[in-house]
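Look over the sequence and the structure below before reading on. The paragraphs after it go through the parts in turn.

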Amino acid sequence: MQKPIYFDFFATTPVDPRVAEKMMDCLTMEGNFGNAASRSHLYGWKAEEAIENARRQVADLINADPREIVWTSGATESDNLALKGVAHFYQKRGKHIITSKIEHKAVLDSCRQLEREGFDVTYLDPGSNGLTTPEAVANALREDTILVSIMHANNEIGIVNDIAGIGEVTRNAGVLFHVDAAQSAGKVPIDLALMKVDLMSFSAHKFYGPKGMGALYVRRKPRVRLEAQIHGGGHERGMRSGTLATHQIVGMGAAAEIAGEEMAGEAVRLKALRERFWEGISDIEEVHINGDREARLPGAMNVSIAFVEGESLIMSLKGLAVSSGSACTSASLEPSYVLRALGLSDELAHSSLRFSFGRFTTEQDVDTAVEQLRHAVEKLRELSPLWDMYKDGVDLDQVQWAAH
Amino acid sequence: MAYSDKVLDHYENPRNVGKMDANDTNVGTGMVGAPACGDVMRLQIKVNDEGVIEDAKFKTYGCGSAIASSSLLTEWVKGKNLDEAEMIKNSDIAEELALPPVKIHCSVLAEDAIKAAVEDLRSKRAGV
Ligand SMILES: Cc1ncc(COP(=O)(O)O)c(C=O)c1O
């Protein structure tokens, strides 16, 4: 069976072959397999050297000091460590945290846990373009606010927030600022010497590194303190214990270096592919782009297609691996909380698709996607009573639906 | 999700897609579901003077199982009289299409649709 064309690079990316090769050098007896904590022999020193090289590679991608990088198992762990670690350490100062309604679940569910522990969390509504502005954050600040957590780029719609602007607000107010940069790192420039961000989460598998690998940036000046969430041998300056996974870390470092080198050219290429895709479908009636048109990741395209239902749309796009705006795993469809927070109706949220383009997407792939999507929409609208009604000029919002 | 071959067949080649004149006194229309729930079915039946369903058409906004349920229904009702058509059970549709538990509601909707279409026709006839 021929595999569908992959358009889900925001869900995960394949490991770049150049990265895989470096990782494989760190596994076997002949390779660099040692425990970096072994201080008494060459195997340990070699592993440590490779890990410190990777730390520098990741730090370089975001213009930070290598000593500010803490290895984790992924952005989920980084988000947990940042939110819970800061909240627990600074709780005597205050118990208020600000975040947004369209954060990744790793942030939202960490906030829920902190609420159960007695913290107070404000969940900001983004604008209808998906953006959370510095003003919105400024207006939500309180005397007892200790932390603001706002994502750089959103994983569903690909919008990119003005984190430099938000950082000015938080630094002025003496409040810590955490940014989930899992989707933006390696895709758009991040300069932590300029941006007043205190903590930042990264995930290697979003930029052609391995899954199960991430990092948390923890600023040294002004110094940010954390309470560890995983205790043990005191690795990573006590912030995250556990024997360091040399091959994973080397993979993340190599992936970061390649992403940094190729970012500028790749951004131009992906943006062109995205626009080619949009040109191919924008003349279909009642198709809408979700999220801000300008402030978005180069490879991001989330569209709602009115009067066709999302699951059947996915079903007819057999040759394409794309992500849908609703989780149809249960009897009642669960529309995406991100799209709902933008103010989309359940109906439009149900009929949304996320195409994310990446390093291995070609023009030919995009043309195939356009062709298949056009065909599917035509077929499903032919079948859709809603499309009929829309064409007859019926206002669907005024219809009394027989709910079931 | 894996679909049964029968669902796929009806989805790929839906039977009796279309629309009839809802004002025709020989046509009964049943529209059930809601866009916000993710499915809307419109089923129409046309009866002859003997009260036998001689034609059926549908259009469905919904998942593959909802489309297949309504497509199958149009095949089943043809040649039946109204009383027989009303007796079609959602469980028969679900069984024929091998719907998984999370998709049973699609067959329930199809049963609702034929009941609504029959009722529409009866009330029209009572009015004449
Ligand atoms: C914005 C964002 N944050 C966090 C995560 C979680 O990252 P990981 O899979 O490395 O735990 C993801 C990806 O799933 C993401 O897109």
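For chain B, the mean pLDDT is 93, and 98% of the residues score at least 70. Among the elements of chain B, strand β3 (residues 53-61) of chain B has the highest mean pLDDT, 97, while helix α5 (residues 104-127) of chain B has the lowest, 93. Where pLDDT is low, the predicted coordinates should not be read in detail.

Begin with the sheet in chain B. Three strands of chain B make up an open sheet, in the order β1-β2-β3, and their pairing is antiparallel. Strands β1 (27-34) and β3 of chain B are at the edges, and each has a single partner strand, so one side of each is left without a neighbour in the sheet. From one strand to the next, the twist averages 10 degrees. Strand β2 (residues 39-47) of chain B is joined to β3(B) by 8 bridges, and the two run antiparallel. Within β3(B), the residue opposite B:Val40 is B:Tyr61. A helix lies against this sheet: α2 (residues 64-77) of chain B packs on it and touches β2 and β3 of chain B. The direction of helix α2 of chain B makes about 175 degrees with that of β3(B).

Chain A also has an open sheet, with 4 strands in the order β9-β10-β15-β12 and antiparallel pairing. Its edge strands are β9 (287-289) and β12 (323-324) of chain A, each of which pairs on one side only. Helix α7 (residues 246-281) of chain A packs on this sheet and touches β9, β10 and β15 of chain A. The direction of helix α7 of chain A makes about 15 degrees with that of β10(A). Two of the strands it touches, β10 (residues 300-305) and β15 (residues 352-356) of chain A, pair with each other in the antiparallel sense over 5 bridges. In β15(A), A:Phe355 stands opposite A:Met301.

Now turn to the ligand. Which residues are closest to the ligand? Of the 13 residues that surround the ligand, the closest are A:Thr76, A:Asp180, A:Ser203, A:His205 and A:Lys206. Helix α3 (residues 75-90) of chain A gives the largest share of this shell, 3 residues. A polar side-chain atom of A:Thr76 is 2.6 Å from an oxygen atom of the ligand. A polar backbone atom of A:Ala75 lies 2.9 Å from a ligand oxygen atom, and an N or O atom in the side chain of A:Ser203 lies 2.7 Å from an oxygen atom of the ligand. On its own the ligand has 390 Å² of accessible area, and the protein covers 86% of it.

How values were computed:
Residues numbered from 1 in each chain as written. Chains lettered and ligands numbered in written order. Predicted model: local features only at pLDDT ≥ 70, side-chain atom pairs only at ≥ 80, totals over all residues. Heavy atoms only, no water. pLDDT = per-residue confidence, 0-100. Pairing = 2+ DSSP bridges. Contact = heavy atoms within 4.5 Å. Axes fitted to C-alpha atoms, helices over the stretch in contact; angles between N-to-C directions. Near = heavy atom within 4 Å. Polar contact = N/O pair within 3.5 Å; in protein donor to acceptor, adjacent residues only side chain to side chain. Areas by Shrake-Rupley, 256 points an atom, 1.4 Å probe, with all protein chains shown as cover.
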